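Biologist: Can you walk me through this one? I'd like to start with the fold and then go through some contacts.

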Amino acid sequence: MYDTTLPNGLTLSVQHNPTIALVTMDMWVRVGSGDELPEIAGISHYLEHMLFKGTERLAVGEYDRRIEEIGGYLNAATSTDYTHYYVTVPSEHFDRVIEDFADVMMNSSLDPDEVDSERQVIIEEIRRKLDSPFGYLFDHAMPSMYETGPYTHTVIGTKESVSTITRDQLAEHYRRFYTPDNMYLNIVGNVDPNHVKQRTQELFGESNLKLNPWREQVPPTTYRNPGDEELPGKWNEAYFILAFPGHASTDPREIAVSDFAATLLSDGRTSRLKNRLQERLGLVSNIGTYFQTSRHQSCMLIYGTCE
């Protein structure tokens, strides 16, 4: 394992594995829905979509095509606290692929026509999510859980917020958060760590942008008064969420304890909730837990379905 920080603040971690003929590059950017202002809810996820939509050097769709034609795979994801982009390719193509990867990460063109086109794609994602019982329930539960805090809206945003996000706002979000001191690049595979460091410095080292969040302080998490809420739906079962106050997961030990507790409660037929409520008593047809490991105080959830 090789770890270093470039002069401009970008953190690089390289793990050399000569037993495989592949290399994976995974860029983590410390920005998600918890960093957004309410009026631009969903902008981190929107920007994730836009980074695949071309640069001055790469036309729309070219980055994807260049990865796929060498048998590679790429994808991305946005959460409450991070956005990350990853690509896996044969290691012999490392030099070409990291050049394209850096171009996509640092030089997205955010073409206005593509912004408008992708807006419709995301709005359709929102519609599909609300067609799902748990998606519908979760989107309505979020505002019910919190009075204030960074997680009062969902990662994907709403149709109303996504419809009003402008190209200038996307560009501003890009400049504020996609900065070397807010990025962590993890590279694993059959590559030489010294060569990786040299290429990373060449491709990412020129940017001296600094993290500049939308707000100086994140609003503290406060919860609404306990209670219950029922939502009508046209589904064959009842879907439920029980929400409990959670904690910020800043200590790796706390994260491990939360993951262990979630496993103990609902992972597998012998887990506490599944064994008693589903297997033995037959009160539910499904039950699970979600303990959010987040930078700020959040919620723990128990969810399931029953007659």
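This is a predicted model: local features need pLDDT of at least 70, side-chain atom pairs count only at pLDDT 80 or more; totals for chains, interfaces and linings use all residues.

Modeller: We'll take the sheet, then the helices, then the surface and the salt bridges.

Biologist: Noted. What is the strand order in the open sheet of six strands?

Modeller: The order is S1-S2-S7-S3-S5-S4. Pairing in this sheet is mixed.

Biologist: Which strands stand at the edges?

Modeller: S1, residues 2-5, and S4, residues 73-78. Each has a single partner strand, so one side of each is left without a neighbour in the sheet.

Biologist: By how many degrees are neighbouring strands turned against each other?

Modeller: On average by 10°, with direction ignored.

Biologist: Zoom in on S2 and S7. How many bridges join them, and do they run parallel or antiparallel?

Modeller: Six bridges, and the two strands run parallel. S2 covers residues 11-16 and S7 covers 183-189.

Biologist: Which residue in S7 is the bridge partner of Ser13?

Modeller: Asn186.

Biologist: On to helices. What does H8 lie across?

Modeller: H8, residues 193-204, lies across S1, S2, S3 and S7. Against S2, H8 runs at about 150°.

Biologist: And H7, which of its residues are buried?

Modeller: Leu170, Ala171, His173, Tyr174, Arg176 and Phe177. The helix itself spans residues 167-177.

Biologist: What covers those buried residues of H7?

Modeller: The cover includes strand S3 and helices H1, H3 and H4. H1 is 43-50, H3 is 94-106 and H4 is 112-131.

Biologist: Now the surface. Which residues form the nonpolar patch?

Modeller: Trp28, Tyr82 and Tyr184. Together they have about 260 Å² of accessible area.

Biologist: Where is Tyr82?

Modeller: In the loop between S4 and S5, the latter being residues 83-90. Tyr82 has a relative accessible area of 33%, so it counts as partly exposed.

Biologist: Let's do charges. How many salt bridges does the structure hold?

Modeller: There are 20 salt bridges.

Biologist: Which residue does Glu69 form a salt bridge with?

Modeller: Arg96, with the closest N and O atoms 3.8 Å apart. That pair links distant parts of the chain, 27 residues apart. Glu69 sits in the loop between H2 and S4, while Arg96 is in H3.

Biologist: What is the accessibility on each side?

Modeller: Glu69 is partly exposed at 48% relative accessible area. Arg96 is also partly exposed, at 28%.

Biologist: How far apart are the closest N and O atoms of Glu202 and Arg199?

Modeller: They are 2.6 Å apart, and the two residues form a salt bridge. Both residues lie in helix H8. Being three residues apart there, they are separated by about one helical turn.

Biologist: Why does that spacing matter in a helix?

Modeller: An α-helix has 3.6 residues a turn, so residues three or four places apart point the same way.

Biologist: Is Arg199 buried or exposed?

Modeller: Buried, because its relative accessibility is 14% and the cut-off for buried is under 20%. Glu202 is partly exposed at 39%.

Biologist: And Glu279 with Arg269, how far apart are the closest N and O atoms there?

Modeller: In that salt bridge they are 3.3 Å apart. Glu279 is in helix H10, and Arg269 is in the loop between H9 and H10. The two are 10 residues apart in the chain. Glu279 is partly exposed at 36%, whereas Arg269 is exposed at 62%.

Biologist: Which residues are linked in a network of salt bridges?

Modeller: Arg57, Arg66, Asp100 and Asp103.

Biologist: Back to H10. What is Leu277 in contact with, leaving aside neighbours within four places in sequence?

Modeller: Gly282, Leu283, Val284 and Ile287. Leu277 is in H10, which spans residues 272-280. Its relative accessible area is 23%, so Leu277 is partly exposed.

Biologist: How far apart are the C-alpha atoms of Leu277 and Ile287?

Modeller: 8.2 Å, with the residues 10 apart along the chain.

Biologist: Last one. How far apart in space are Thr263 and Ser207?

Modeller: 42 Å, C-alpha to C-alpha. In sequence they are 56 residues apart. Thr263 lies in helix H9 and is partly exposed, at 38% relative accessibility.

Conventions: Residues are numbered from 1 along each chain as its sequence is written. Side-chain values use heavy atoms; hydrogens and water are left out. Two strands pair if DSSP finds at least two bridges between them. Helices (H or I, at least four residues) and strands (E, at least two) are DSSP runs, numbered from the N terminus. Axes are lines fitted to C-alpha atoms, for helices over the stretch in contact, and angles run from 0 to 180 degrees between N-to-C directions. Contact means heavy atoms within 4.5 Å. Buried means under 20% relative accessible area, exposed over 50%, partly exposed in between (1.4 Å probe, protein chains only). Patches are made of residues with over 30% relative accessible area and no salt bridge: like charges are joined within 9 Å, nonpolar side chains (Val, Leu, Ile, Met, Phe, Trp, Tyr) within 5 Å. Accessible areas come from the Shrake-Rupley method with a 1.4 Å probe; for residues, only the protein chains shown count as cover. A salt bridge is a side-chain nitrogen of Lys or Arg within 4 Å of a carboxyl oxygen of Asp or Glu.
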